[in-house]
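Please consult it alongside the sequence and the structure.

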Amino acid sequence: MPLSKVIFKAGVNKENPRYTSEGGWYESDKVRFRQGSAEKIGGWTRISTAFFLGICRSFWNWVTLGSQNLIGVGTNLKFYINQGGAYYDVTPIRASSTINNNPFVATNGSAVITVTDTSHGASTNDFVTFTGAVGLGGNITAAVLNAEYQVTVLTANTYTITASATANATDASGSPGGGASVVAAYQVSVGPEIQQALVGWGAGGWGLGGWGVGLTTPNALRLWNQRNFGEDLLFGPRGGGIFLWDATTGVAARGVNLTTLGDADTPVAVNFILVSDTSRFVLCIGTNDYGSGTIDPMLIRWSDQEDAFTWTPVVTNQAGSLRLSSGSVIITAVQTRQEIVVFTDQALYSLQYLGPPFVWGAQSLGDNISIAGPNAVALASGIIYWMGVDKFYAYDGRVQTLVCDLRRHVFNDLNIDQSLQIFAGTSEGFNEIWWFYCSADSTVVDKYVIYNYQERIWYYGELGRTAWLDSGLLSFPIAATYSKNIVNHEDGVDDNETATPTAIEAYISSAEFDIEDGHNFAEVWRMLPDLTFDGSTANSSPELEITLFGLTNSGSGVTSQQSGTVVKGSTFVVTEEFTGQINTRVRGRQMILKGGSTKLGTTWQLGATRLDIRKDGRR
């Protein structure tokens with residue numbers, strides 16, 4: 001028989017059984033497609049040796065008037081500004097006061113110090129910084145006490161800290177101590193790093209859930225909102241206040257609560273912050289009404305134009321508000337070139353600037369839609385893409401459902417209880433939308449699915465990330481890792497998340513395909529792959545292992561298999577293409593082709609494989 005060329009259509013399709021999906025790819029990990037050919041994705045490299053505290057859920061990138069390229073980094077514990085790879089802690093102060101005389105009590109042989117501060121208002125793991133304290137006489141010196149600590153709450157008036165030194169007998173005898181001028185500065189309370197369910201009386205609204213039972217509702221996973229207003233940054237935790245970081249005060253200055261800078265009607269609790277590009281309004285989406293401290297989840301308020309500090313509507317300004325009607329809560333909003341698209345839990349609205357006297361107006365775009373979470377939406381080439389609770393959507397002037405070849409694969413293996421962790425991002429250089437999510441049995445993000453909007457294909461894999469940003473101000477897309485650092489994606493070919501590079505394991509596996517018409521058995525005795533190692537690290541001797549699986553029929557399982565490794569020579573010279581020959585002895589009516597790599601320095605693109613086949617009877 002002549003050599004048979006095997007070409008699979010681009011994308012991965014798992015909506016049908018493996019045999020029904022003949023002619024396509026069925027499984028993948030860390031692989032994308034370029035003009036129909038499968039290739040390994042790019043590697044990632046940490047931007048610096050510095051780390052942040054907590055799990056990062058939010059990025060924002062902007063440039064100041066002084067040409068400082070900055071990244072806002074919001075974690076469940078802190079808020080940072082990253083400049084040049086360094087993380088500056090700008091977490092706002094919630095409360096600051098001179099606390100009780102001699103508030104510190106030490107125990108001999110222990111680093112745990114008990115602190116008394118009446119009505120401190122802190123929660124366990126909150127951060128406090130002490131100043132003005134004097135030492136206890138021994139190892140617990142003034143330098144030890146005048147530092148930042150996390151607290152473990154005991155009562156409404158007491159908590160403990162773990163000092164950087166162990167107290168001795170002198171410290172114990174000098175307790176209580178610390179002096180009469182100890183100042184405690186409490187940072188904005190920390191939030192949970194994973195989504196937790198609240199169950200019981202009072203968990204839901206009035207009348208929701210059974211009597212005495214309440215309703216299971218999601219706890220507020222710590223999600224930060226951030227947008228630059230000129231060169232300054234407006235930011236805040238979802239459900240909390242708005243804070244201003246002033247670029248003129250330097251990267252190390254803490255954010256300041258906007259209520260201390262604005263008028264009496266400045267919002268005190270906000271779910272989502274947005275700054276309109278051309279008209280320059282600050283919009284609070286899901287916020288408290290005038291004269292109230294409670295969030296109305298369907299209310300939108302905006303400041304005066306070009307003024308982040310004026311919120312009281314009068315005839316001489318354009319501050320104002322409106323309330324949406326379809327849905328129970330606004331989830332998020334996305335700004336496009338012509339409108340701001342607002343998502344509620346069941347509808348889509350267009351928010352447009354009208355000018356005085358109405359200022360902003362809302363128009364319904366569609367209902368009976370869903371969105372998985374506040375960060376499950378991305379904008380690419382003027383089109384909004386988002387992940388719902390059971391399918392994917394797009395909006396390009398009209399709402400449409402995306403045809404997804406991986407819908408069952410994703411939504412049947414999705415931990416919907418961790419939907420607030422879902423986030424989307426773009427990789428514009430490859431025309432991709434990435435969604436990261438927690439698989440069914442996981443409470444951490446461990447999987448992703450990609451939609452290539454140019455080729456209209458899907459592929460998927462496994463990767464732990466917590467936030468993503470593709471900015472034109474940065475050389476690469478960036479992502480936050482569970483190692484608590486930031487990495488540049490598509491930078492190199494290996495995993496450089498830590499100080500030691502490791503290989504990225506990537507593979508692609510086909511659906512079952514017939515040998516001729518699938519009536520007779522056949523033996524494949526030779527494979528001729530078509531591939532290139534272009535882009536691999538010099539002198540890395542890149543390798544791709546290609547495996548051919550033989551099946552008696554689609555329900556028999558694999559009955560024979562053989563693999564071979566295609567190796568680029570030890571003296572590495574970048575070539576446009578490289579073709580090797582693999583001798584095999586694989587028998588079956590159907591076959592599965594798989595290609596993968598596990599070696600450092602390797603990247604590859606797999607094209608059309610040719611099989612040399614001998615007929616081998618009907619049994």
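**Sheet, buried tyrosine and salt bridges**

Strand β6 (residues 44-46) is joined to β44 by 2 bridges, and the two run parallel. The model is predicted: local features need pLDDT of at least 70 and side-chain atom pairs pLDDT 80 or more, while totals for chains, interfaces and linings use all residues. Residues are numbered from 1 along each chain as its sequence is written, and side-chain values use heavy atoms, without hydrogens and water.

**Sheet**
- An open sheet of mixed pairing has 5 strands in the order β41-β42-β43-β6-β44; strands are DSSP runs of E, at least two residues, numbered from the N terminus, and two strands pair if DSSP finds at least two bridges between them.
- β41 (467-469) and β44 (495-496) are the edges, each with a single partner strand, so one side of each has no neighbour in the sheet.
- T45 has N496 as its bridge partner in β44.

**Y460**
- Y460 lies in strand β40 (residues 457-462) and is buried at 9% relative accessibility (buried: under 20% relative accessible area; exposed: over 50%; partly exposed: in between; 1.4 Å probe, protein chains only).
- The C-alpha atoms of Y460 and D29 are 6.0 Å apart, although 431 residues separate the two in sequence.

**Salt bridges**
- The structure holds 16 salt bridges (a Lys or Arg side-chain nitrogen within 4 Å of an Asp or Glu carboxyl oxygen).
- R465 pairs with E497, with the closest N and O atoms 3.7 Å apart.
- R465 is buried at 1%, and E497 is buried at 14%.

How values were computed
Helices (H or I, at least four residues) and strands (E, at least two) are DSSP runs, numbered from the N terminus.
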